[in-house]
Amino acid sequence: MSACRRTAGILDAWLDARQLNPRDARHLGGCPHCTAAFARVDVADGAIGAAVRALVLEAATAGVGPTAAGWPTPSSRVPTMRYGFGLASLAAVVVLVVVAGIRLSAAPAGPAAPFLPVPVSRAEQALHQSGLRCTGIADGLECTRRLAAGWRQVARLEVAGGSVRGLEVRLEPGTGPYPVADVPAALNEPAADVLGLDLIDAIAESLDGAGTACGCARPIEGGAIRVDGNPVTGYRLSVE
């Protein structure tokens with residue numbers, strides 16, 4: 001099973017908020033690697049809870065803390081409290097070790113793999129889940145969706161041997177202006193569906209305040225992207 005660059009981010013989001021945004025949830029449904037990692041997190045979360053509960057019960061059995069009989073006597077309070085602090089420290093260590101194990105297992109090992117190629121079947125399924133509809137063209141697939149003000153979101157996939165070998169995402173002008181603030185997300189979503197990698201920050205950095213792209217290549221771990229265009233002519237994101 002090949003690694004996925006979105007695994008660590010999805011697991012971090014889940015561990016921080018205990019919920020996933022819709023795009024991460026769609027990706028999780030179509031990515032076997034992320035699904036397997038997510039299942040390991042669920043098991044580990046259960047292990048954390050069980051370990052802490054066991055230590056708390058052990059502390060209660062040993063008489064740590066106030067009981068129905070009242071506070072410990074002065075002669076017994078110091079050793080009992082020390083024992084309680086020891087158990088609390090041990091609980092903290094258990095939690096840290098398990099969580100660290102989750103984060104390390106989710107992190108990609110070694111150098112980043114190149115963006116492409118990726119399986120075309122998985123890419124097409126992810127695009128379909130995002131609302132794009134794909135049709136065959138001479139050298140691959142063209143997947144489109146209507147956006148606000150008549151603009152179109154177009155992803156062109158160059159396909160060979162069952163794999164996506166090239167990717168271009170375009171925003172084609174409509175009958176009215178398209179919000180400049182929404183451009184990075186509109187270019188990023190199809191690319192993220194195909195690559196399993198969030199490029200929104202790099203795309204946003206390629207646009208100035210008026211929404212004009214730099215027309216320059218930006219290196220990203222595993223490859224590079226190029227953003228061209230402006231609010232009048234539309235935009236093109238190329239994966240290099």
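Student: Which way does helix 5 pass helix 6, in a left-handed or a right-handed crossing?
Tutor: Helices here are DSSP runs of H or I with at least four residues, strands are runs of E with at least two, and both are numbered from the N terminus. A crossing is left-handed if the near helix is turned anticlockwise from the far one by less than a right angle, and right-handed if clockwise. For helix 5 passing helix 6, the crossing is right-handed.

Student: Before I go on, what kind of model is this?
Tutor: It's a predicted model, where local features need pLDDT of at least 70, side-chain atom pairs count only at pLDDT 80 or more, and totals for chains, interfaces and linings use all residues. Residues are numbered from 1 along each chain as its sequence is written, and side-chain values use heavy atoms, with hydrogens and water left out.

Student: At roughly what angle do the axes of helix 5 and helix 6 cross?
Tutor: The axes are lines fitted to C-alpha atoms, for helices over the stretch in contact, with angles from 0 to 180 degrees between N-to-C directions. Those of helix 5 (residues 120–129) and helix 6 (residues 183–195) come within 7 Å. Their crossing angle is roughly 145 degrees.

Student: Which residues of helix 6 do Ala 123, Ala 126 and Leu 127 meet?
Tutor: Contact means heavy atoms within 4.5 Å. On the helix 5 side you have Ala 123, Ala 126 and Leu 127, and facing them in helix 6 are Pro 190, Asp 193 and Val 194.

Student: How many residues of that contact of helix 5 with helix 6 are charged?
Tutor: Ala, Val, Leu, Ile, Met, Phe, Trp, Tyr, Cys and Pro count as nonpolar, Asp, Glu, Lys and Arg as charged, and the others, Gly among them, as polar. The contact of helix 5 with helix 6 has five nonpolar residues and no polar ones. The charged count is one.

Student: Is Cys 143 buried or exposed?
Tutor: Cys 143 is joined by a disulfide (a pair of cysteine sulfur atoms within 2.5 Å) to Cys 134, S to S 2.0 Å. Buried means under 20% relative accessible area, exposed over 50%, and partly exposed in between, with a 1.4 Å probe and protein chains only. Cys 134 is partly exposed at 21%. Cys 143 has a relative accessible area of 0%, so it is buried.

Student: Why is the disulfide of Cys 214 and Cys 216 left-handed?
Tutor: Cys 214 and Cys 216 are joined with an S to S distance of 2.1 Å. The link of Cys 134 and Cys 143, with 105 degrees about the S-S bond, is right-handed. The disulfide of Cys 214 and Cys 216 is left-handed because its torsion about the S-S bond is about -85 degrees.

Student: What pattern do the disulfides of the protein chain follow?
Tutor: The structure holds two disulfides. Counting bonded cysteines along the chain, the pattern is 1-2, 3-4.

Student: Where is Gly 161, and is it buried or exposed?
Tutor: Gly 161 lies in the loop between strand 4 (152–160) and strand 5 (163–172). Its relative accessible area is 82%, so Gly 161 is exposed.

Student: How many helices and strands are there in the protein chain?
Tutor: Of the 240 residues in the protein chain, buried ones make up 35%. As for the elements, the protein chain has seven helices and eight strands.
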